[in-house]
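Subject: Structure for you to look at

Hello,

Here is the structure I said I would pass on. Please open it first, then read the notes below alongside it.

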Amino acid sequence: MQYSQNISSAAAKARQQFGKLNADLNEMVEGIEIIKSNLQEKKEVDRFERRTRSFAENTWARSLIEAKYLPSLIYQLFFSAAFLQCMLAFKSGQLTLGEVITYIGCLLG
Amino acid sequence: MLMMEQNYGHINKEAGEARSIKINVVHAYAQMRKWDAFNKSCESAFSSLNIPYLSLVYEEDFAEDKKVKSKTFKYLEVEPIKLNDPLQRTNPYRLEELIENYDEMMDYLTKKNVLSGRVKPALFGEVLKRYMDKLGMSVGKKNYSMKSTIAWITKQLLRFPLLTLLFFLSVAASVYMQTLSSVYLGYFFETLKLGDDKGMLRAVLLVLVVLTSAALLQWISTLSVLNIRLKVEKNIRNEIFSAFLNKKHDYLNTARTGDLLSIGTNELRSISVMFQPGLIMSLRSILFYFIPLFFLFLRGTTGRNGSFLYCSLRYLRCC
C-alpha cells in the first residue's frame, strides 16, 4: 500500500514534468522564428535545460523507489530457501534423486 | 579583427615569425556575440526575402584556394575559369600561435558555453572545431562521431566514465556470480550422489551466497545503466532543442511541427531503449557466452570446478 502511494506520487511528478517538457518543445517549435528574430535562443535553451534536468531527477526518484523493493533479490532468497528445503527433504528420504532434479528444474524454470 | 584593432594588420608568409598578441577575452567574447548576431540577422533577412546567399567561413573555406573558388562559381552559377590570384588566407598562422593567452580564451569560451553550440563562432570556426573535436564534440551539425552506432554509444558512455565503469564491472561480476551458481549447483548434485551431507549443506549455502550477490550486482548494474540512460536522454534532448534553434529559416519553413516534435519525443525514446534495456541485455548476452567458457577452460585445465576464490585467483593468473 505504502509502495503504491509512493510510486504513484513519484510517477505523477515525472509525468507532469514530461508534460511540461513536451509543452515547452511544442511552444518553441511553433514560435521558433520569433525566438530567433529576437535572439532569445540562449534564454530558451536555459529554460529547456532546466526542464530536462527536472524531468531526469523526477524519473530517477521514481526509479529509486522501485529499486528499493529489490524483486530480484527476493526471488534469489526464496530460491535458496526452496533449495535448502529440497535438500532436507532428500536427506529425510521424502524425495528421490529424480524428484530433486525435477524440483530444482521447476525452480529454475 | 582583434589584431587590426591593435594595429597589427595582416600577417603574411613573408612577414616571418608570427607576432602574437594578448587579447582581452571579455572583449573578444563580446565581439564574437556581436558578429554572430549580425550574421544571424543577415541570414534571417536573406531567408525571409528569399534571396540566395553564400556563407563563407574565413578559417575553413579560405584554407584552400580550390575550395573557395569552387563554392563561389557554384553560387554564381557560372562555369569555373582560371583565376591568377589565389583566394587563400593571408595569415598562415593558426590562432594558437597568434594569441598569447589562447588557453585562457578557450577556458572563458567554455565557461560561456560557446563551445556547446549556443553561439555559433563564425570567426573562430576552425580553431573551435579542432578544440571541440578534441573533446569528441563539434560546433556544427554533428555533436558526436556519427561514423557508426557503436562509436556514438561509446562517445556517450565516455561522458560518464565512473558510471560506465561501475556498470561494466557490475554486469561482469553479476554474470560471473550467476555462472558460479550453476557450478555450485553441479557440486550440489555431486554431493547428493555421494551422500555427503556436509558437502550438500555447503553447496546450498554457497548457492545462496552467490545468487544473493548476483542479485545485488544486477541491481547495481540496472541502477547505473538507468542513471546513464537518464543523463544521455537529457543531453540528447538539450542538443535536439539547440539544433532546432540553430536550423536555418528555410528548413523551419518546410519542416512540419509534428515531425520536429516526433524527433524530440518518440525517436528519443527509441534511443533511450537502446541504452536500457538494450545495452545491458547485449552485454549480458555476450558475457553469458564467454564466462561459462572460462569455467569450462578451468575445468579442462584443473579437472575440478574449484571454489570462488580459487577460480578468481586462477583467472587473475590467466590474465
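Chain B and chain A bury about 4,300 Å² between them, and 77% of that area is on carbon and sulfur atoms. The size of an interface is often given in this way, as the accessible area lost when the parts come together. On the residue level, 44 residues from chain B and 46 residues from chain A take part in the contact. Please keep in mind that this is a predicted model.

How many salt bridges does the rule find across the interface of chain B and chain A? There is one. D197(B) pairs with K91(A), and their closest N and O atoms are 3.8 Å apart. Over all chains, the structure holds eight salt bridges. Another of them joins R62(A) to E66(A), with the closest N and O atoms 4.0 Å apart. Both of these residues lie in helix α3 of chain A (residues 41-68), four residues apart, which is about one turn of the helix.

Helix α4 of chain A (residues 71-91) and α10(B) have axes that come within 8 Å and cross at roughly 170 degrees. An angle over 145 degrees counts as roughly antiparallel, so α4(A) is roughly antiparallel to α10(B). On the α4(A) side, the residues in contact include L73(A), L77(A), F83(A), M87(A) and K91(A). On the α10(B) side, they include D197(B), L201(B), V204(B), L208(B) and L211(B). K91(A) and D197(B), both part of this contact, are the two residues of the salt bridge described above. By class, the contact of α4(A) with α10(B) has 15 nonpolar, four polar and two charged residues.

The crossing of α5(A) over α9(B) is right-handed. The contact is made by L97(A), V100(A), I101(A), I104(A) and L108(A) on one side, and by L185(B), F188(B), F189(B) and L192(B) on the other. Which classes do these residues fall into? Nine are nonpolar, with no polar and no charged residues.

Finally, the two chain B helices also pack against each other. Helix α9 (residues 161-194) and helix α10 (residues 197-246) of chain B pack at an angle of about 160 degrees, with their axes 7 Å apart. This makes α9(B) roughly antiparallel to α10(B). Here α9(B) passes α10(B) in a left-handed crossing. The residues of the contact of α9(B) with α10(B) divide into 24 nonpolar, twelve polar and two charged.

Regards

Key. Residues numbered from 1 in each chain as written. Chains lettered and ligands numbered in written order. Predicted model: local features only at pLDDT ≥ 70, side-chain atom pairs only at ≥ 80, totals over all residues. Heavy atoms only, no water. Axes fitted to C-alpha atoms, helices over the stretch in contact; angles between N-to-C directions. Parallel < 35°, antiparallel > 145°, perpendicular 65-115°, else oblique. Left-handed = near helix turned anticlockwise from the far one by under 90°. Nonpolar A, V, L, I, M, F, W, Y, C, P; charged D, E, K, R; others polar. Contact = heavy atoms within 4.5 Å. Buried area = accessible area lost by both parts, 1.4 Å probe. Salt bridge = Lys/Arg side-chain N within 4 Å of Asp/Glu carboxyl O.
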